[in-house]
Amino acid sequence: MQRSKPMAVLAFWFAWFHDTDLVTIPDEQATLHDIAKEMQDMVDMWEGGIRATGGAIVPEKSHWYLVDFKWQNDVWRYATIDETPADLFVQDFNGQRKKLERLPVHKAQRTLGVRLAPDGNSESEIEYLLGKAKEWRDRIWTGHLPRHLVWESMTTTILKTMQYPTTATTLSKAQCDKIMSPLLQAGLPCAGVSRNFPRVLVYGPTKFQGLGVTSLYTTHGLEHIERLLKFGTSKKHLTGKILRHSLKALKVELGTNGSVLSLPYETWSHLATDSWLKHIGSFWKNMACESAMVPLTWHSVGKATAY
């Protein structure tokens, strides 16, 4: 059945002030003007509290997004800034009201050390991590560290930098391999190991004669599964609420009931919008977990946690 008019989709606003997030999600009847006023009131209240305690907001260090959707021929897309005109203002240290920078949903900005965009793309974070990997590679190549210190530097410093944003990002195996390539191409030979050493042995545990280097892709996927198991059934934790809402949205999009994550990934991946949960399904498939581990179902998630 064809819709006679575009579907009404909820819009929400997201603002970032000095490591603090302000979010408002209005009801479906709210107009753009209503949403703008609600968010402006939140900004003013937050700024007032900061000022009352002797602090101030620096507008140049703050930014905000408006996430809305447009439908065309039954296909949704993110609305542009021109299609959703709105402004937010905040008072600075001198009492002057300044206009806050508004970013498009595809543009990432550094927040708590991770470069995230509301549409979920990780391109900026990949570019940053690849740049850090190449910088480390160049320093190792031109330095004169003994082999054991090269190994220590790779496993205890730069790899930790690579692993820091894993929970918040969604990287494919190819992207993780691309990021890791400069590290291994320099770190292995400078530590006395052939740069072409089989990767299955590089990432293998030492008790099975591997080198024990942590796989970025494996860490990435396991971090996601750990968060899903830990917070997925929590009714009080904000992360748990977000995960359950995301799962419900995924089920609605696919038109199915029961546990989506227990279904074969190949049967639904092409129907679903890219998301954090879809990335878990992709990781599950790539690691052949269907036969090696207990099937991941929402019921088993509940049994595996204390919530």
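Residues are numbered from 1 along each chain as its sequence is written, and side-chain values use heavy atoms, with hydrogens and water left out. Because the model is predicted, local features need pLDDT of at least 70 and side-chain atom pairs count only at pLDDT 80 or more, while totals for chains, interfaces and linings use all residues.

Start with the charged pairs. Side chains of opposite charge can pair when their charged atoms come close. A salt bridge here is a side-chain nitrogen of Lys or Arg within 4 Å of a carboxyl oxygen of Asp or Glu. The whole structure holds 14 salt bridges.

One of them joins E47 and R51, with N and O 2.9 Å apart. Both residues sit in helix α1 (residues 32-52). Helices (H or I, at least four residues) and strands (E, at least two) are DSSP runs, numbered from the N terminus. E47 and R51 are 4 residues apart, so about one helical turn separates them. Buried means under 20% relative accessible area, exposed over 50%, and partly exposed in between (1.4 Å probe, protein chains only).

D177 and K173 form a salt bridge of 3.0 Å, N to O. D177 is partly exposed, with a relative accessible area of 36%. K173 is partly exposed as well, at 43%.

Move on to helix α6 (residues 216-231). Here R227 bridges to E223, and their closest N and O atoms are 3.1 Å apart. The spacing is 4 residues, so about one helical turn lies between R227 and E223. R227 has a relative accessible area of 25%, which means that R227 is partly exposed. E223 is partly exposed too, at 21%. Elsewhere, salt bridges with shared partners link K132, E135 and R139 into one network.

What about a charged residue without a salt bridge? R244 is such a case: R244 is buried, and the nearest side chain of opposite charge, E226, is 17 Å away. For charge, Lys and Arg count as positive and Asp and Glu as negative; His and the chain ends are not counted. R244 belongs to helix α7 (residues 238-254). A polar atom of the R244 side chain lies 3.5 Å from the backbone oxygen of G232.

K278 comes next, in helix α9 (residues 276-286). Its relative accessibility is 10%, so K278 counts as buried. Beyond its neighbours within four places in sequence, K278 is in contact (heavy atoms within 4.5 Å) with Y265, W268, S269, A272 and T273.

Last come the cysteines. A disulfide is a covalent bond between the sulfur atoms of two cysteines. The cut-off used is a pair of cysteine sulfur atoms within 2.5 Å. How many disulfides does the whole structure have? The search finds 0. C176 is buried, with a relative accessible area of 1%, while C190 is partly exposed at 23%.

Key. Polar contact = N/O pair within 3.5 Å; in protein donor to acceptor, adjacent residues only side chain to side chain.
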